[in-house]
Amino acid sequence: MIEIINRTDKERRRQKLEKLLARGVSFDRELIQQVGRIIDDVRKRGDEALIDYTRQFDGVELQLEELRLSEESIERAAAGVDANVLEALRRAIRNVREFHLRQIDTSWAIEPAPGIKLEQRLRPIESVGVYVPGGTAAYPSSVMMNVVPAQVAGVSRIAVATPSRSLTSNPAVAAALRELKVDEVYSVGGAQAIAALAYGTETVRAVHKITGPGNRFVAAAKQLVFGAVGIDSIAGPSEVVIVADDSARAEYVAADLLAQAEHAEDAAAVLITPSMHLAETVLLEIGRQVRVLPRASIIRKSLEHFGAILITDTLDEAFELVNQLAPEHVQVMTSDADRDSVKITDAGAIFVGQHSPTALGDYFAGPNHVLPTGGTARFSSPLSVHDFMKRTNVIRYSPQALRDAAESVATLATVEGLQAHAQSALIRLGEAR
């Protein structure tokens with residue numbers, strides 16, 4: 001189910017690392033063409049296309065008036081949530097909000113010389129569309145992690161699109177929407193939802209940016225509409241790398257690997273350790289624990305194709321491999337996890353110690369769970385308040401300040417062969433005098 005690759009089998013390790021690194025999002029021509037046709041159709045036929053695709057892909061016969069969910073329908077769906085679930089949601093929302101409040105930046109201005117004033121003005125994006133998946137499962141955590149930072153940033157209009165069965169299959173999604181006071185919710189999913197948010201229909205108003213995870217059709221649609229709207233990222237399959245030594249409890253390590261593997265058949269769960277004893281014990285624990293898990297078939301396929309236990313000579317070598325993979329999640333379960341975690345330079349999120357499983361970050365701790373995947377942590381960051389803000393530069397020169405700068409501006413413009421640029425600075429010198 002999951003293989004142990006010994007420290008001496010360098011070639012097998014290389015192959016496994018290459019396979020893991022190749023898991024990034026890729027779209028074949030057929031998929032792009034199919035999604036492109038859906039987007040074009042939504043742009044042409046609007047609501048009618050959304051209703052047709054909902055019937056075709058979701059098997060739901062929507063009426064026109066049902067495309068936008070009423071507040072009453074959200075309330076009805078939310079009423080079905082268990083009291084313990086509601087309390088957990090409220091605690092999680094508080095944690096997420098508290099963390100993201102620390103990310104707020106402010107506008108600023110400087111005067112580097114007399115007569116010169118330079119500013120950076122921050123403004124929230126005016127409207128954001130949040131996609132909440134609802135295929136094999138529906139995710140209230142996706143609502144929290146996308147809506148809260150947008151609200152903290154001050155986005156005035158937040159529209160949510162989610163497949164038709166999301167609220168009925170998991171009332172916690174409706175409860176999260178209600179708790180966050182989101183009242184613009186569209187009962188549509190897939191690539192057609194992304195098209196509607198990007199370009200608008202008779203019912204769906206277009207937004208300026210789209211965030212949120214989805215399947216490969218949603219991801220391809222986000223790629224195709226980028227430019228017409230902003231997007232957060234093109235998220236690939238989820239992944240965790242655990243670095244552990246003999247101090248780690250094997251049952252914890254196994255449980256955390258299984259938790260990651262149950263996301264999907266293409267999820268990756270990797271243990272890197274210098275301890276063969278730990279590796280063998282974890283392997284036994286995985287076999288014991290997986291038997292009682294509802295998503296065991298998904299887990300087994302995930303671990304078979306994208307799971308691995310890599311044996312290294314040292315912990316330092318293990319952290320070198322982590323930075324090579326630049327994974328979405330890294331758990332550090334070593335005797336000095338605080339010290340060792342500093343060795344990680346490329347990761348979406350780092351979970352430090354025996355009692356900090358990835359699941360904490362997925363639901364409750366507060367930092368955002370929308371993270372770079374597929375090695376993109378080398379240059380990308382988690383979703384944050386900054387993703388819902390736009391920055392505008394402001395430049396103000398007095399006549400004398402322009403006189404001091406005009407010759408330099410003209411010189412640089414001339415070097416680039418842009419004489420009109422040079423003239424636009426030089427023509428003002430008479431007035432500056």
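Guide: Let us begin with a word we will need: contact means heavy atoms within 4.5 Å. Please also keep in mind that this is a predicted model.

The part I have picked is helix 9, which spans residues 190-199. Nine of the ten residues of helix 9 are buried, so this helix is largely enclosed by the rest of the structure. The buried residues are Gly190, Ala191, Gln192, Ala193, Ile194, Ala195, Ala196, Leu197 and Ala198.

What lies over them? The cover of these buried residues includes helix 2, helix 3 (47-58) and helix 10 (216-225). Strands take part as well, among them strand 5 (127-131), strand 6 (157-162) and strand 8 (209-211).

The crossing of the two is right-handed. On the helix 2 side, the meeting residues are Val35, Ile38, Ile39, Val42 and Arg43. Facing them from helix 9 are Ala191, Gln192, Ala195, Ala196 and Tyr199. Sorted by kind, the residues of this contact are eight nonpolar, one polar and one charged.

Helix 5 (residues 83-101) and helix 8 (residues 171-179) have axes that come within 10 Å and cross at roughly 45°. Helix 5 and helix 8 are therefore oblique to each other, and their crossing is right-handed. Val85, Leu86, Leu89, Arg90 and Ile93 of helix 5 make this contact with Ala172, Ala175, Ala176, Arg178 and Glu179 of helix 8. Here the residues divide into seven nonpolar, no polar and three charged.

Six strands form an open sheet with parallel pairing, in the order 1-12-11-10-13-14. Strand 1 (4-5) and strand 14 are its edges, each pairing on one side only. Helix 1 (residues 10-21) lies across strand 1, strand 11 (268-273) and strand 12, and it runs at about 140° to strand 12.

Further along the order is strand 13, residues 329-333, where five of the five residues are buried. His329, Gln331 and Met333 point one way from this strand, while Val330 and Val332 point the other way. Strand 13 runs parallel to strand 10 (residues 239-244), and five bridges join the two; valine 243 has valine 332 as its bridge partner there. Strand 13 also pairs in the parallel sense with strand 14 (residues 349-352), over four bridges, and here the bridge partner of histidine 329 is alanine 349.

To come back to where we started: helix 9 has nine of its ten residues buried, and helix 2 is among the elements that cover them.

Note on methods. Residues are numbered from 1 along each chain as its sequence is written. This is a predicted model: local features need pLDDT of at least 70, side-chain atom pairs count only at pLDDT 80 or more; totals for chains, interfaces and linings use all residues. Side-chain values use heavy atoms; hydrogens and water are left out. Buried means under 20% relative accessible area, exposed over 50%, partly exposed in between (1.4 Å probe, protein chains only). Two strands pair if DSSP finds at least two bridges between them. Axes are lines fitted to C-alpha atoms, for helices over the stretch in contact, and angles run from 0 to 180 degrees between N-to-C directions. A crossing is left-handed if the near helix is turned anticlockwise from the far one by less than a right angle, and right-handed if clockwise. Ala, Val, Leu, Ile, Met, Phe, Trp, Tyr, Cys and Pro count as nonpolar, Asp, Glu, Lys and Arg as charged, and the others, Gly among them, as polar. Angles under 35 degrees count as roughly parallel, over 145 as roughly antiparallel, 65 to 115 as roughly perpendicular and the rest as oblique.
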